[in-house]
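Visitor: Could we go through this structure together? I would like to begin with what lies inside.

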Amino acid sequence: MISAAQQNEWFLHHLSQSAGDLPGRGIEWLENIREQAGQSLAQLPVLNRKQETWRYTSIDALLQQRFITAGADIGAFKNLDVTRWLLPGLDAYRLVFVNGRCLPTLANVADLPDGVVLDSLRAALTTDPEQLCTWFEQHQGRTDNLFTALNSALINDGALLHIGKNVVLEKPIEILYLNLGEEQSLLVQPRNLLVLEAGASATLVERHIGGDSCSGFHNHLTEIHLAKDASLDHYRLQDEGDQTHHLCTLFLSQGERSHYRGSHFSFGGAWARTDFHALLRQTGAECEVNGLYTVGDQQLSDFHLRVHHAAPGCTSRERFKGILYGKGRAVFDGHIIVDQDAQGSDAQLSNDNLMLSRSAEVDTKPQLEIYADDVKCSHGTTVGEIDPAQIFYLRSRGIDKEKALSMLSLGFAADISNGIKPEALREYVARQLTEKLSIQADSKEKDQSNV
Amino acid sequence: MLSIKNLQVSIEEKAILKGLNLEIGAGEVHAIMGPNGSGKSTLSQVLAGREGYRVTGGEVRYEGQDLLSMETEVRAHAGIFLGMQYPVELPGVNNLTFMRESLNAVRRARGESELDAPSFLRRVREQAKRVDLDQALLKRSVNQGFSGGEKKRNEILQMAMLEPKLAILDETDSGLDIDALRIVAGGVNELRSPDRSIIVITHYQRLLDYIEPDRVHVLVGGRIVRSGDKQLALELEQRGYGWIEEVAA
């Protein structure tokens, strides 16, 4: 066990060793955010398993490692050929981050319609820091735990998306995070701010990609603000190497009748955690969050949802599915809060887990916390195995056992993965899933031959 | 084609089949009838390779090979098809994708080339029309939300696609109305050929009006207690199983 003092030391160490190369020095509002967050690192409670949100998650393995910040050598990647990471057929505006830093030379932001800003945080700090300040201060995420505070204390780079009133973006926006730190364990902390003004509409695809030998720690913080009648389709795919530690904290704030549809996929990493905070701030907001995770040996998928109905007549749907194999572990913690004033709230939460091995483990914990009396809320979780009768059915039709398992697992995930609208992305997810599931079939075969 | 000698099968220590003998030649259609719990479904499941059954004695040879040592899917590759009594639902598994995987797995195992998508689609649509299966069901998840009759038609469709050498139909007629019964029987009759054999397991003589069997066997208490031609089925229809059980005892 890592002691509280060691934990404190870990955060302060990363604060001090990373503070050197930060942009926007001298910009007062930014320095204030950093400074306050930096100070809170010494004051915030240490994370431990007595806390509800960390009950099933040990961060000891993470805290035993030291990470270094990707430095100025980022220029070496400026002519990187990113073709092999692109999805064939996905025509998108694009920002590309390598090891946490945006490389303008790799971006595709030409022909953006009027009223749309898509840029790196660093660039925006140079071109229009006042405008950035307005957006930032309106929507500054809470830095209420050590990880979000560490991100805020070291704001360096990230994506800035601002879509003006009533602008409807037909073409999706893609943000690609490539993690190429093969030799070193890198600390990568993108800080994103996404603002959709009234009536704006967009599709955003975020993909986190990293090699198998990348052992970095990615501590993302993303703020999303949807104004009245704004609509965002948000796809997030975490598919990093099995050594990677990935934490993404998302703050979503929704205005009147705004619509958020999120699909979160987590396939890789030693530890892949998402802390998703949705605040349904005004009447009639709709929030739909789907998720799918796969975990195998030495992997932990860790989803924490907080959906807060703070205004009347809002709707939320959370549907998460997990496929666990080998010694994979998953935590699902879904929490819906309905305020006293939030009458007419309609919330549904579900989490279904498919266990392909007896050694896999899942902790699933749905919670409803309701203070209003006129609400429609439900939650449900399942943990199950594949029915042998289904395997027999497929085998009796000539399909071998591994293929049968893979088909049934894909079938289990189908209602989540088939909901992906961009075809290129839907096919990519299907391919990734097939690959993950065939790997699990291979390892199972090996297990059996060892016996 | 199929030779079963003294087959003994248990489920969880309970003996179900107690020395069953059956010889089926190429091109023959055999009906197996018998009261509930006599072992009819156990026989079909054991032949198709369902796990969970313990063969405690006897042997089954299929085209000269030891059937019981073959993996389930290998039996399918070798031409065995079981039309299930209760086809399971496969949520999220597309019916067309499933049938194509199945057909191509069997074709690969037989050293044939895989069917490309257009040829496959043409064939499956044509066959679906023959068994009067709503084309919309091809795009749905396998058997999910299908009515009882639709499930059985979907079984016959798969049989028609796979063109098995030995088809075992386990109470395919149960739950079917007379029109559906005719269509299902039509599908079976189209499959009849000098090199294919069919086992029809049924409770009722009714199906045998449409699928005329070469032989009828009565299975009681895990053994075949009487065999005859189609007249035997008619006799059973009139007199029930009671008299045979008495004769057998």
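Predicted model: local features only at pLDDT ≥ 70, side-chain atom pairs only at ≥ 80, totals over all residues.

Visitor: Let us turn to chain B. What does its secondary structure come to?

Guide: Chain B contains 8 helices and 12 strands.

Visitor: How many bridges join β1 to β2 in chain B?

Guide: There are 8 bridges between β1 (residues 2-11) of chain B and β2(B), and the two strands run antiparallel. As one example, B:L2 has B:I24 in β2(B) as its bridge partner.

Visitor: What about the overall form of chain B?

Guide: Chain B has a radius of gyration of 18 Å, which agrees with the value near 18 Å for a compact globule of 249 residues. Its C-alpha atoms fill a box of roughly 55 × 40 × 35 Å along the principal axes. Of the 249 residues in chain B, 45% count as buried.

Visitor: And how many helices and strands has chain A?

Guide: Chain A has 9 helices and 21 strands. Its radius of gyration is 22 Å, close to the 22 Å from the globule rule for 451 residues, so chain A is as compact as a globular protein of that length. The C-alpha trace of chain A spans about 70 × 55 × 50 Å along its principal axes. Buried residues account for 48% of the 451 residues in chain A.

Visitor: Why is helix α6 of chain A described as largely enclosed?

Guide: Helix α6 (residues 146-153) of chain A is largely enclosed by the rest of the structure because 8 of its 8 residues are buried. The cover over the buried residues of α6(A) includes α1 (4-18), α2 (28-43), β8 (191-196), β10 (217-226) and β12 (245-254) of chain A.

Visitor: Now the contact between the chains. How many residues does each chain supply?

Guide: Chain B supplies 21 residues and chain A supplies 19 residues. On the side of chain B that touches chain A, α2 (72-77), β7 (90-94) and α3 (95-109) of chain B each provide at least two residues. The element that gives the most to that side is α3(B), with 5 residues.

Visitor: What is the make-up of that side by class?

Guide: The side of chain B that touches chain A has 10 nonpolar, 7 polar and 4 charged residues.

Visitor: One last topic, the backbone. Which phi values deserve a look?

Guide: Most residues other than glycine have a negative phi. A:R257, however, has a positive phi near 50°, and B:N143 has a positive phi near 65°.

Visitor: Where do A:R257 and B:N143 lie?

Guide: A:R257 is in the loop between β12 and β13 (259-266) of chain A, while B:N143 is in the loop between β8 (141-142) and α5 (148-162) of chain B.

Visitor: Are they buried or partly exposed?

Guide: A:R257 counts as partly exposed because it has 19 C-beta neighbours inside 10 Å. B:N143 is buried, with 22 other C-beta atoms within 10 Å. The cut-off for a buried residue is 20 or more.

Notes
Residues numbered from 1 in each chain as written. Chains lettered and ligands numbered in written order. Pairing = 2+ DSSP bridges. Helix = DSSP H or I, 4+ residues; strand = E, 2+ residues; numbered from the N terminus. Rg over C-alpha atoms; globule rule 2.2 N^0.38 Å. Buried ≥ 20, exposed ≤ 12 C-beta atoms within 10 Å, placed from the backbone. Contact = placed C-beta atoms within 7 Å. Nonpolar A, V, L, I, M, F, W, Y, C, P; charged D, E, K, R; others polar.
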